Amino acid sequence: QESLRLCLIVLFALQCQSLEILYPEESIPFHDNVPLLLKIHQDYESQCVSVTVDNRYLLATCEAVTLIETSLLPGTHMIDVMPTNSASGSGANVQKSFVVENPTYGPLPPHISKDGVRLNLPPYVDDYHTFWYHSNIWTNTFWKGVHAEKSPMDLWNYQEILFNLRPTVVVEFGTRFGGGTLYFADVMKSVHKDGADYRILTVDITDISIDPQVFEEPNVEVLTAPSASSTTFRRIKELRATLPGPLFVILDADHGKDNVTLELQTVVPLMEAGDYLIVEDSNLDGHPVYPGWGPSPYDAIVEFVAYNRRHLARDPHREAKFGFTQSPMGFWTRTEWDGPWHIPLSENPYALL
């Protein structure tokens, strides 16, 4: 009888274990192609759960934080989380209704949209993109005789953004040869031909390949440091303090997912409402070039936005304006949301540099 009593106590304790869905919240912004972040609280540490959204089984997980690869259209949805492992399988499932909000950017043009809110470019766009990239034309693109290694259509887009935004600070991660830096320098001279003060901060881990013309530009500052270092963070913060106004940021350094994630964690919290962010070379790893390349800037930005859905707003009109871009899912503006930040990577090897 004593053994039976102990078994009943253990069974009752397991049934009373708390399982709570912390995220998604009751209402979340729409972001096409961005995973759904699931955060659960559970008292029983080894508890695994199965996850169903809108009556469609998606995955099983034993983690408290999970990214679910699903893209939900605006509207009301239901997420269902049920314990699966034997120790807690007797627990009840937990359901939560949540709303995916309508996108703030409004309907997309019919020729580039699907369901009115998702980009759906014709297949020949990717065909030309793949031809252009794999023929290495981008490696032979120059500005003032210096390698720029960018799409001319992206460069045209950037100057339109700069003239509309009129930033006082431009931050470029990844100087390389400096052709892109010289391009930004020339555009900014026209943007601020009224004589307003501004600065272009270009950051790279080495200056060995930078063209001498870059160092001759009076409003360009070359910072030799890791892009995700505390040195970089402090310098951007200083420039923002001394040069009040909009900020334009372009990430074009190391294209590995972790490095780009660390860059996002470094610079995006320094952005203010209306500031502009470009995440370049998100076309790697099958978007559409170099499938199998490995985790890329594309993976970094969609994961970062999944963790921080309200902090950034995608600009699909600008992204799709000229057909293809080297930066799919790479055009973003900072919103007015001032809630807490969530970081995908807790360790930054450059934090003390």
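## Two strands at one end of a sheet

Strands E18 and E19 run antiparallel to each other, and three bridges join them. Across this pairing, Arg 314 stands opposite Trp 332 in E19. The model shown here is predicted.

On another side, E19 (residues 331-334) pairs with E17, again in the antiparallel sense and over three bridges. Here Tyr 276 has Thr 333 in E19 as its bridge partner. Strands of a sheet pair through backbone hydrogen bonds, either parallel or antiparallel.

## The seven-stranded sheet

These strands belong to an open sheet of seven, in the order E15-E14-E13-E16-E17-E19-E18, with mixed pairing. Which are the edge strands? They are E15 (220-224) and E18 (312-314), and each pairs on one side only. From one strand to the next, the twist averages 20 degrees.

Asp 204 stands opposite Thr 224 in E15.

## The three-stranded sheet

An open sheet of three strands has the order E1-E3-E6, with antiparallel pairing. Its edge strands are E1 (19-23) and E6 (65-68). The twist here averages 30 degrees from one strand to the next.

How many bridges join E3 and E6? There are four, and the two strands pair in the antiparallel sense. One of the facing pairs is Leu 36 with Ile 68 in E6. Helix H8 (residues 297-307) packs on this sheet, touching E3 and E6. The direction of H8 makes about 120 degrees with that of E6.

## Salt bridges

Side chains of opposite charge can pair when their charged atoms come close. The structure holds 18 salt bridges. One of them joins Arg 310 and Glu 101, with the closest N and O atoms 2.5 Å apart. Arg 310 sits in the loop between H8 and E18, and Glu 101 in the loop between E8 (94-100) and E9 (113-114), so the pair ties together parts that are 209 residues apart in sequence. Arg 310 is partly exposed, at 25% relative accessible area. Glu 101 is partly exposed as well, at 24%.

Another salt bridge joins Lys 189 and Glu 217 (3.1 Å, N to O). Lys 189 lies in helix H4 (residues 179-191) and Glu 217 in the loop between H5 (212-215) and E15, so parts 28 residues apart in sequence are tied together. Is Glu 217 buried or exposed? Glu 217 is buried, with a relative accessible area of 12%, while Lys 189 counts as partly exposed at 37%. Both residues belong to a network of salt bridges that also includes Lys 144 and Asp 186.

## A link between two helices

Lys 257 and Glu 303 meet in a salt bridge of 3.0 Å, N to O. Lys 257 is in helix H7 and Glu 303 in helix H8, 46 residues apart. Glu 303 counts as buried because its relative accessible area is 15%, under the 20% cut-off.

## A nonpolar patch

Tyr 128, Phe 131 and Ile 137 make a nonpolar surface patch of about 290 Å². Ile 137 lies in the loop between helix H2 (123-134) and strand E11 (142-143). Ile 137 is partly exposed, with a relative accessible area of 35%.

Technical notes
Residues numbered from 1 in each chain as written. Predicted model: local features only at pLDDT ≥ 70, side-chain atom pairs only at ≥ 80, totals over all residues. Heavy atoms only, no water. Pairing = 2+ DSSP bridges. Axes fitted to C-alpha atoms, helices over the stretch in contact; angles between N-to-C directions. Patch = residues over 30% accessible without salt bridge, like charges linked within 9 Å, V, L, I, M, F, W, Y side chains within 5 Å. Areas by Shrake-Rupley, 256 points an atom, 1.4 Å probe, with all protein chains shown as cover. Salt bridge = Lys/Arg side-chain N within 4 Å of Asp/Glu carboxyl O. Buried < 20%, exposed > 50% of the residue type's maximum accessible area, 1.4 Å probe, protein only. Contact = heavy atoms within 4.5 Å.
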